[in-house]
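Please read it alongside the sequence and the 3D view.

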Amino acid sequence: MITFPVKTDKENAAVSPLFGKAKFFAFYDGKNLTVEKNPYEKGSQLVNWFLQKGVDTIIIKEMGSKPFNKIVQTNIKVLSSGEGRVTTNEVIEKFNNNELNELSVDEFKDIIKEHESKKDHSSCSSHNHDHHSGMCHKKMRSQNPYVFL
């Protein structure tokens, strides 16, 4: 079974660039696709959930170091969904046609480095401001619609 984060539970949703904080995950067993709400708030907690569900492959855009460190202790393969906007149907088609690349440890480390760099630069803690004003969050959302706060 494969899984990947999606932005919504609607049909043919876009793959989410988020992993641990994705709102939903799509599960595909080779024939049927289901979408379930993410029951956790951290990517590292998801790995056990995936193992319980029989997941052997995860497809991602980005991922942090904590879920990565947990995944490398399992037999779960991690594939890249590719750049840009990718939909559920596109991921399944590419998976079925063996067109998705398995990430090497070095590629994974590059993704983590990029992910954590984005997180540092988009975080309120990376600069001084009034956390309660909400202005920083509005500005970040307008600059990057993929930031969910």
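The charged end of Lys 37 sits over the ring of Phe 24, 5.8 Å from its centre. A charge counts as sitting over a ring if NZ of Lys or CZ of Arg is within 6 Å of the ring centre and within 35 degrees of the ring normal. Lys 53 likewise has its charged end over the ring of Phe 27, at 4.9 Å from the centre.

The model is predicted: local features need pLDDT of at least 70, side-chain atom pairs count only at pLDDT 80 or more, and totals for chains, interfaces and linings use all residues. Residues are numbered from 1 along each chain as its sequence is written, and side-chain values use heavy atoms, with hydrogens and water left out.

**Aromatic rings**

The structure holds 8 aromatic pairs. Rings of Phe, Tyr and Trp (its six-membered ring) pair if their centres lie within 6.5 Å; planes under 30 degrees apart count as stacked, over 60 as edge-to-face and the rest as tilted. In Phe 27 and Phe 50, the ring centres are 6.1 Å apart and the planes stand at 70 degrees, so this pair is edge-to-face. Because Phe 27 belongs to strand β2 (residues 24–28) and Phe 50 to helix α1 (residues 43–53), the pair ties together parts that are 23 residues apart in sequence. Helices (H or I, at least four residues) and strands (E, at least two) are DSSP runs, numbered from the N terminus. Phe 27 and Phe 50 are both buried, where buried means under 20% relative accessible area, exposed over 50%, and partly exposed in between (1.4 Å probe, protein chains only). Ring pairs also join Phe 19, Phe 25, Phe 27, Tyr 40, Trp 49 and Phe 50 into a cluster.

**Sheet and helices**

An open sheet is formed by 5 strands in the order β3-β2-β1-β4-β5, with mixed pairing. Its edge strands, β3 (33–37) and β5 (77–80), each pair on one side only; two strands pair if DSSP finds at least two bridges between them. From one strand to the next, the twist averages 25 degrees. Strands β4 and β5 run parallel and are joined by 4 bridges. Ile 60 stands opposite Ser 80 in β5.

Helix α1 packs on the sheet and touches β1 (2–6), β2, β3 and β4, its direction making about 25 degrees with that of β2. Helix α3 (residues 88–96) lies across β1, β2, β3, β4 and β5, and runs at about 155 degrees to β1. Axes are lines fitted to C-alpha atoms, for helices over the stretch in contact, and angles run from 0 to 180 degrees between N-to-C directions.

**Thr 57**

Thr 57 is found in strand β4 (residues 57–60). Its side chain makes a polar contact of 3.2 Å with that of Asp 56; such a contact is a pair of N or O atoms within 3.5 Å, where within protein one must be able to donate a hydrogen and the other to accept it, and residues adjacent in sequence count only if both atoms are side-chain atoms. Leaving aside neighbours within four places in sequence, Thr 57 is in contact (heavy atoms within 4.5 Å) with residues including Met 1, Ile 76 and Phe 95.

**Accessibility and loops**

| Residue | Relative accessibility | Class |
|---|---|---|
| Thr 57 | 3% | buried |
| Asn 12 | 28% | partly exposed |
| Asn 98 | 70% | exposed |

Asn 12 lies in the loop between β1 and β2, and its phi is near 55 degrees, a positive value in a residue other than glycine. Asn 98, in the loop between α3 and α4 (105–122), has a positive phi of about 55 degrees although it is not a glycine.
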